[in-house]
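Welcome! Here is a short briefing to read alongside the sequence and the model.

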Amino acid sequence: MLLRGGRVVKKLTGGRRVPFGLEVNGLTIAEETLEPGDWLCLYTDGIAEARDASGSWFGEERLMDFLTREIAADQPPPETVRRLTQAVLRHQGGLLQDDATVLLARWQQVGPAPPDGMSRVSPSDTARRHTRATRGPHHGGMTETETRPEAGTDPPPLAGYTVAVTAARRKEELGALLDRRGARVVYAPAIRIVPLSDDAELVSATREVLAHPVDLVVATTGVGFRGWLEAADAWDLPLVEHLRSARVLARGPKARGAIRGGGLVDAWSPESESSAEVLSHLLSGAEGSLEGRRIAVQLHGDPLPDLVAGLRAAGADVLTVPVYRWVLPEDEAPVRRLVGTIASGGVDAVTFTSAPAATSLLTVADGLGLRDDVVTAMGGRVLAVAVGPVTAAPLDAAGIPSVQPGRARLGALAREVVARLPERDPVLRLGAHTMQVRGYAVVLDGALLELAPGPMAVLRELARRPGHVVARADLVGSLPGGGDGHAVEMAVTRLRAALGAPVVETVVKRGYRLAV
């Protein structure tokens with residue numbers, strides 16, 4: 001299609017060619033006159049006919065709307081292609097179903113006009129990406145074979161990294177934060193929320209709370225406490241009035257906001273935003289003796305056995321209110337694929353915004369017989385990033401280290417990923433060149449180059465000890481799927497061709513090394 005003045009002016013349907021490998025009879029050529037400032041988008045059916053879970057196509061209309069918005073935002077072709085790739089992947093749940101190729105070019109005049117009055121096209125204003133629907137260790141079910149960055153621009157901090165989002169709620173918001181920083185985002189909701197607004201269990205729990213005055217209320221989540229108040233209002237149950245005489249404790253700021261939004265007053269909130277600190281506060285006597293007192297605890301999908309048991313052991317009459325519960329997603333395929341990808345080291349970071357999501361992912365890994373592999377991977381190359389200590393608790397219990405932002409917010413979580421991923425990969429000085437080996441790509445002299453799995457595996461192995469010789473036999477073990485000495489030679493040849501700089505040296509009869 002041809003875009004001019006920021007909008008699609010023509011679909012380039014002229015010209016015909018036969019499928020590759022067949023006779024060329026009937027080949028016709030179409031011509032189109034271009035003007036300075038024009039954008040040209042060439043794409044295969046793998047883009048327009050990408051299907052989501054319901055079978056809906058990505059479609060030409062969506063493609064045209066996407067390009068129009070990107071051009072209006074003054075995005076250069078390479079960045080537009082990267083964003084388009086992410087959009088197509090998101091549409092298909094992170095797994096490419098078919099080969100897909102897109103080429104995007106912009107006619108931009110650079111330097112003085114040539115004598116004949118014709119304009120030049122800046123090489124940096126052409127971007128191409130070809131994606132094969134084959135499995136590779138760093139591509140979430142796809143293999144990028146070529147992408148060329150815009151000259152003179154530094155790649156975004158997460159470009160070249162794959163980050164998984166396990167959230168059920170606000171996953172698009174977190175994914176957008178990571179995408180804007182250059183990450184390839186894989187969506188694999190590990191849980192789904194089952195609201196109990198029409199559930200007899202919640203009605204029964206609410207009526208039990210209303211049966212007698214309540215002394216203390218513990219609100220654990222904003223969405224849960226708010227949902228409880230709204231459900232009670234829909235049933236014409238005077239819950240808010242009934243709770244006005246109670247001291248309402250908020251586990252965190254979101255719960256505090258829901259309390260205030262419901263017309264109640266929050267009495268106390270722990271700095272750690274943890275149920276453990278809430279229990280410690282109550283057992284300390286800060287709220288008076290607990291013996292015989294009625295305490296309503298709003299659950300958040302987790303039965304909170306430690307909190308509930310601790311209060312009951314202190315003599316309290318604890319009323320649990322299950323506003324919603326967490327269960328496995330209806331479509332388990334994405335999280336099952338993610339477990340396999342984590343086990344194989346095909347993702348660089350996994351984000352968690354709730355403890356049930358972490359528990360669920362480990363449960364799925366158990367079912368697939370991959371729990372040990374997942375724990376090992378997340379104790380090494382795959383970074384676990386939790387929104388806070390409560391979320392990290394199931395990871396801690398499994399022996400998985402994690403990093404957490406200072407504040408339990410999505411923005412802070414995204415910034416933590418930005419801070420933690422690149423710092424693990426040092427920038428190497430190789431003679432006159434600089435290189436940073438990232439997840440599925442390398443930043444060479446400030447330019448991001450995506451590599452196929454074989455060359456990427458070889459480069460990662462060489463980068464472990466720059467300047468040291470790595471024998472071919474050792475490199476064989478790093479190749480995806482294994483291979484032999486010839487496979488290593490082919491991977492090195494492809495690596496050198498992709499890098500275009502003499503940074504990989506052959507040491508005769510010994511192996512290869514990075515030049516330092």
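**Helix α5 and its surroundings**

The buried residues of α5 pack against α6 (222–234), α7 (239–243), β13 (294–301) and β14 (317–327). Helices (H or I, at least four residues) and strands (E, at least two) are DSSP runs, numbered from the N terminus. Please keep in mind that this is a predicted model: local features need pLDDT of at least 70 and side-chain atom pairs count only at pLDDT 80 or more, while totals for chains, interfaces and linings use all residues. Residues are numbered from 1 along each chain as its sequence is written, and side-chain values use heavy atoms, with hydrogens and water left out.

- Leu 202, Ala 205, Thr 206 and Val 209 are the buried residues in α5; buried means under 20% relative accessible area, exposed over 50%, and partly exposed in between (1.4 Å probe, protein chains only).
- They sit on the same side of α5 because they cover an arc of only 100° around the axis, the arc being that of the directions from the helix axis to the C-beta atoms.
- An α-helix has 3.6 residues a turn, so residues three or four places apart point the same way.
- With twelve residues (200–211), α5 reaches 16 Å from its first C-alpha to its last, close to the 16 Å expected at 1.5 Å a residue; the expected span is 1.5 Å times one less than the number of residues.

- Arg 294 lies in strand β13 and is buried, with a relative accessible area of 10%.

**Strand β7 and its partners**

- Both faces of β7 are covered, with Thr 162 and Ala 164 buried on one side and Val 163 and Val 165 buried on the other.
- β7 pairs with β8 in the parallel sense over four bridges, where two strands pair if DSSP finds at least two bridges between them.
- Val 165 has Tyr 187 of β8 as its bridge partner.
- From β7 the chain crosses through helix α4 (residues 171–180) to β8, and this β-α-β crossover is right-handed: with the strands pointing away from the viewer, the path from the first strand over the helix to the second runs clockwise.
- β7 also pairs with β15 in the parallel sense, over three bridges, and Val 163 stands opposite Ala 349 there.

**Helix α11**

- In α11 (residues 333–343), the buried residues are Pro 334, Val 335, Leu 338, Val 339, Thr 341 and Ile 342.
- Seen down the axis, they fall within an arc of 165°, so they line one face of α11.
- Among the elements they pack against are β7 (162–165), β8 (184–187) and β15 (349–352).

**Nonpolar cores**

- The largest nonpolar core has 52 residues, and Val 209, Phe 225, Trp 228, Ile 342, Phe 352 and Met 378 touch the most other members.
- Such a core is a set of buried Ala, Val, Leu, Ile, Met, Phe, Trp, Tyr and Cys residues joined through side-chain atoms within 4.5 Å.
- Six residues, the largest share of this core, come from α12.

**Positive phi**

- Leu 304 has a positive phi near 50°, and at 9% relative accessibility it counts as buried.
- Lys 509 has a positive phi near 65°, but is exposed, with a relative accessible area of 83%.

Notes: Contact = heavy atoms within 4.5 Å.
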